[in-house]
Amino acid sequence: MTTGASLPRIISLLEAFAPIKYAESWDNVGLLIEPYRKSLNINKILLTNDLTEPVMQEAIEKSTNMIIAYHPPIFAPLKRITQADWKQRIVSMCLAESIAVYSPHTAWDVVPGGVNEWLACALPYKNMTPVRLLSNCSEPNVGLGRIFSTSLTLKEAIAAIQEHIGLDVHVAFGNRHTLKTKIITVAVCAGSGSSLLRGVKADLYITGEMSHHELIEANQNNISVILCNHSNSERGFLKSFQTKLQEILKNDCEIIISDKDTDPLVTFPKAESKSQIQIS
């Protein structure tokens, strides 16, 4: 049985790993919901990529004291807390059940050992650096995305990413690329890589999502793109972070990963005939 830890101690350890000052200026990170309880002892922490109503219900059913949600569930300002929409309901449930909510988002993206490095490590690599270093930061290798050297075919890269995230991917081939094309330089951006990867010279981009026109731009510049879907390019990091958080908390808290957290997009392989499509 765990002894638990105080909320301030947990936040201090989370910010030692990924200081919230590293987050993008537009982001809403850190402690977002703090229940009104003078001595809230955290025994169980739920990790999730997105805090949806099914995940919220799961947190309550599993007697969770704290949720670490990678994406901030509160982003746009709330003018009231009612039952009118799902985000307000989540906030009200957290307050009613005394569940704290912390969101790291882009702070996790930029740090060494964070989300982007987790995704990049799907492939063998050399000389990994951020695509864009964080300004006004004296710490080394803190920045957005990752770019590195490798040596494998496009087919091998696709298989490695599928194995790493445990899911199917979409691939947009560079103009002169085939599955046998040798990949030397790779640029990675978990989530949406559209703006960060634009103009970056590489043989392969790996990201969660890009628009049609951004894919065309990459293809015409002979860059192949592997798309994992937005949250599928991030969610797998929770497994490695679960182990890390368990270690830094010295097993004082039980750390669990949500079973209800999934990407909103589901891939349906093409059926040979309409009769093969079944909805359960």
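How many bridges join S11 to strand S14, and do they run parallel or antiparallel? I counted three bridges between S11 and S14 (residues 224–227), and the two strands run antiparallel. One pair I looked up here: Ala172 stands opposite Val225 in S14. A reminder to myself that this is a predicted model.

**Entry: the six-stranded sheet**

I then traced the whole sheet around that pair. It is an open sheet of six strands, ordered S7-S10-S12-S13-S14-S11, with mixed pairing. I checked the edges next: S7 (126–129) and S11 (170–172) each have a single partner strand, so one side of each is left without a neighbour in the sheet. On average, neighbouring strands here are turned by 30 degrees against each other, direction ignored.

Two helices pack on this sheet, and I noted what each one touches. Helix H6 (residues 154–165) touches S10 (146–153), S11, S12 (182–192), S13 (204–209) and S14. The direction of H6 makes about 120 degrees with that of S10. Helix H8 (residues 212–220) touches S11, S13 and S14, and its direction makes about 145 degrees with that of S14.

**Entry: both sides of S12**

Towards S10, I found six bridges and an antiparallel run; the bridge partner of Phe148 is Val186 in S12. Towards S13, the pairing is parallel, over five bridges. Ser192 stands opposite Glu209 in S13.

**Entry: the five-stranded sheet**

I moved on to another sheet. Five strands make up this open one, in the order S2-S6-S5-S4-S15, and the pairing is again mixed. Its edge strands are S2 (30–33) and S15 (254–257), each pairing on one side only. Neighbours in this sheet are turned by 25 degrees against each other on average, direction ignored.

Inside it, I looked up S4 (residues 44–48) and S5 (residues 66–69): four bridges join them, and they run parallel. Thr48 stands opposite Ala69 in S5. Helix H9 (residues 237–248) lies across S4, S5 and S15, and I read its direction as about 175 degrees to S15.

**Entry: the domains**

The domain assignment gives me domain 1 (5–108) and domain 2 (111–231). Their centres, taken over C-alpha atoms, are separated by 29 Å. For the contact between them, I noted eleven residues of domain 1 against twelve residues of domain 2.

**Entry: the largest pocket**

Where does the largest pocket lie relative to domain 1 and domain 2? Both domains give residues to its lining, so the pocket lies between them. I put its volume at about 330 Å³.

The lining has 19 residues; Trp26, Thr106, Asp109, Cys189 and Ser192 lie nearest the centre.

Which elements give two or more residues to the lining of the largest pocket? They are helix H4 (106–110), S12 and helix H7 (194–197). S12 gives the most, with four residues. By residue class, I sorted the lining into six nonpolar, nine polar and four charged.

**Entry: tying it up**

S12 pairs antiparallel with S10 and parallel with S13, H6 touches it, and it gives four residues to the pocket lining.

Methods. Residues numbered from 1 in each chain as written. Predicted model: local features only at pLDDT ≥ 70, side-chain atom pairs only at ≥ 80, totals over all residues. Heavy atoms only, no water. Pairing = 2+ DSSP bridges. Axes fitted to C-alpha atoms, helices over the stretch in contact; angles between N-to-C directions. Contact = heavy atoms within 4.5 Å. 1 Å grid on protein atoms, 1.4 Å probe; cavity = no way out; pocket = protein on both sides within 12 Å on 5 of 7 lines; lining within 4 Å. Points joined across faces, edges and corners; volume = space filled by probe spheres on them. Nonpolar A, V, L, I, M, F, W, Y, C, P; charged D, E, K, R; others polar. Domains from an automatic or database assignment.
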